[in-house]
Amino acid sequence: MHELNQHKDDPNVTVLDVRSDEEYSNGNVPGANHIYVPHLEEHLDELDKIQTIATYCGSGYRASIAASLLQKHGFEQVINVPGSWNA
């Protein structure tokens, strides 16, 4: 979470939590956007392609999938937070 802490207060960074609703309700980064990774492509219009997006999940696996999906859809500034929530 150290890397995420570096970005969470940056106004040019959108923190994106891609964990399930249950995981999110059990604890989250204040101010983070929440879109469960299986629903990400349906909600891309909710994200700003100009912003840097920092993805995180429980282990890092879903965050890396989310980062790849974002890049596939033209998001150029994507940060995959290693280790994510468990770190």
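Contact, in these notes, means heavy atoms within 4.5 Å.

**Entry 1: the model.** I am working on a predicted model, in which local features need pLDDT of at least 70, side-chain atom pairs count only at pLDDT 80 or more, and totals for chains, interfaces and linings use all residues. Residues are numbered from 1 along each chain as its sequence is written, and side-chain values use heavy atoms, with hydrogens and water left out.

**Entry 2: the whole chain.** I looked up contacts between residues at least 6 apart in sequence; 65% of them join residues at least 24 apart. I then checked burial (buried is under 20% relative accessible area, exposed over 50%, partly exposed in between, with a 1.4 Å probe and protein chains only). Of the chain's 87 residues, 44% count as buried. The chain exposes about 4,900 Å², by the Shrake-Rupley method with a 1.4 Å probe. Carbon and sulfur atoms supply 46% of that area.

**Entry 3: the elements.** I took helices (H or I, at least four residues) and strands (E, at least two) as DSSP runs, numbered from the N terminus. I found 3 helices and 4 strands. Along the sequence they follow α-β-α-β-β-α-β.

**Entry 4: the sheet.** Which order do the strands take in the sheet? I read β2-β1-β3-β4, an open sheet of 4 strands with parallel pairing. Two strands pair if DSSP finds at least two bridges between them. β2 (33-34) and β4 (78-80) stand at the edges with a single partner strand each, so one side of each has no neighbour in the sheet. I followed β1 (residues 13-17) to β2: 2 bridges join these parallel strands. D17 stands opposite H34 in β2.

**Entry 5: helix α3.** Which residues of α3 are buried? They are R62, A63, A66, A67, L69 and L70. Seen down the axis, they fall within an arc of 165°, so they line one face of α3. The arc uses the directions from the helix axis to the C-beta atoms. The buried residues of α3 pack against β1, α2 (21-25), β3 (52-56) and β4. On the other side, Y61 and K72 are exposed. Just after α3, G74 takes a positive phi of about 90°.

**Entry 6: V81.** I found V81 in the segment after β4. V81 is buried, at 1% relative accessible area. S59 is 22 residues away along the chain, and the C-alpha atoms of V81 and S59 are separated by 9.6 Å.
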